Amino acid sequence: MPDIVLEYATEIRLAIGQTFVMVGISILAAVLVGLPLGTWLYLSRKGQLLSNRFVFSSLNLLVNTIRSFPFLLLVVFLIPFTRFIIGTAIGTAAATVPLAVIAIAHYSRLVEQSLLEVPKGVIEAAVSMGASTREVVLKFLFVEARSGLVLGLTTSIVSFISYSTIMGVVGGGGIGDFAVRYGYQQFQTELMMYMILIMVILVQLIQFAGTTIARLLDKR
């Protein structure tokens with residue numbers, strides 16, 4: 001292991017841990033809130049089971065508005081909300097709030113797109129068999145779209161890692177913040193490159209795992 005990495009080993013471990021915390025909470029928010037939100041977006045579309053123009057337009061506007069914000073501006077915009085929820089706008093815990101918000105919006109749109117790829121005949125067959133809306137969603141929609149949902153989550157996780165590098169502006173820490181503060185700002189290019197390498201390896205592992213799982217789930 002390079003000497004410069006050993007010299008900053010404690011700080012690097014802390015930065016990696018902070019990244020895992022921020023990304024982990026983002027994934028949790030995406031699955032627990034983004035998945036239902038994306039499903040509701042799909043179901044409330046014209047011609048779907050819970051078709052409702054007002055609901056769809058409202059949710060669609062909300063998701064589009066959040067996704068249209070440059071992430072750094074979203075972080076600043078959410079500072080009062082973050083302070084209300086966490087009690088502070090500084091630190092790793094505070095950084096998870098804007099990350100969770102963008103995670104929900106990002107994944108909900110990918111969920112909607114994945115569900116739209118499910119053949120209309122599958123839904124019609126489920127309804128004709130007397131399945132309730134809940135059963136249609138859990139036993140037919142999610143089953144048919146499972147590969148796309150996994151790929152969408154994989155894409156989202158990679159984006160969350162990218163977003164986490166910005167969280168140094170609110171003291172969130174993480175690998176990206178470490179690379180900037182200890183590498184770029186202190187002119188230690190070698191250290192910065194090692195941090196970038198860690199990020200690249202992490203993204204590659206996640207992408208490989210997600211693609212493999214999606215392929216195994218795809219029975220088409």
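User: At what angle do helix α2 (residues 9-43) and helix α3 (residues 53-68) pack, and how far apart are their axes?

Analyst: A general idea comes first: two packed helices are described by the angle between their axes and by the distance between those axes. In this predicted model, α2 and α3 pack at an angle of about 135°, and their axes are 9 Å apart. Angles over 145 degrees would count as roughly antiparallel; α2 and α3 are therefore oblique to each other. The crossing in which α2 passes α3 is left-handed.

User: Which residues make the contact between α2 and α3?

Analyst: From α2, the contact is made by Leu37, Trp40 and Leu41; α3 supplies Val55, Phe56, Leu59, Asn60 and Val63. Sorted by class, this contact has 7 nonpolar residues, 1 polar residue and no charged ones.

User: Which residues of α9 and α10 make the contact, and how do they divide by class?

Analyst: On the α9 side are Ile175, Phe178, Ala179, Tyr182, Gly183 and Tyr184, while α10 contributes Thr189, Leu191, Met192, Met195, Ile198 and Met199. The contact of α9 with α10 has 10 nonpolar and 2 polar residues, with no charged residues.

User: How many helices and strands are there in the protein, and what does the C-alpha trace span?

Analyst: The protein has 10 helices and 0 strands, so that, as helices and strands are assigned here, its elements from the N terminus on run α-α-α-α-α-α-α-α-α-α. Along its principal axes, the C-alpha trace spans about 65 × 40 × 25 Å.

User: How many cavities of 30 Å³ or more does the structure hold, and which residues line the largest cavity?

Analyst: The structure holds 1 cavity of 30 Å³ or more, and the volume of the largest cavity is about 40 Å³. Its lining consists of Val75, Leu78, Ile79, Thr82, Ala89, Ala94, Ala95, Pro98, Met167 and Val170. By class, the lining residues are 9 nonpolar, 1 polar and no charged.

Note on methods
Residues are numbered from 1 along each chain as its sequence is written. This is a predicted model: local features need pLDDT of at least 70, side-chain atom pairs count only at pLDDT 80 or more; totals for chains, interfaces and linings use all residues. Side-chain values use heavy atoms; hydrogens and water are left out. On a 1 Å grid over the protein atoms alone, a cavity is a set of points where a 1.4 Å probe fits but cannot get out, and a pocket is an open set with protein on both sides within 12 Å along at least five of seven lines; lining residues have an atom within 4 Å of a point. Grid points are joined across faces, edges and corners, and a volume is the space filled by probe spheres set on the points. Ala, Val, Leu, Ile, Met, Phe, Trp, Tyr, Cys and Pro count as nonpolar, Asp, Glu, Lys and Arg as charged, and the others, Gly among them, as polar. Axes are lines fitted to C-alpha atoms, for helices over the stretch in contact, and angles run from 0 to 180 degrees between N-to-C directions. Helices (H or I, at least four residues) and strands (E, at least two) are DSSP runs, numbered from the N terminus. Angles under 35 degrees count as roughly parallel, over 145 as roughly antiparallel, 65 to 115 as roughly perpendicular and the rest as oblique. A crossing is left-handed if the near helix is turned anticlockwise from the far one by less than a right angle, and right-handed if clockwise. Contact means heavy atoms within 4.5 Å.
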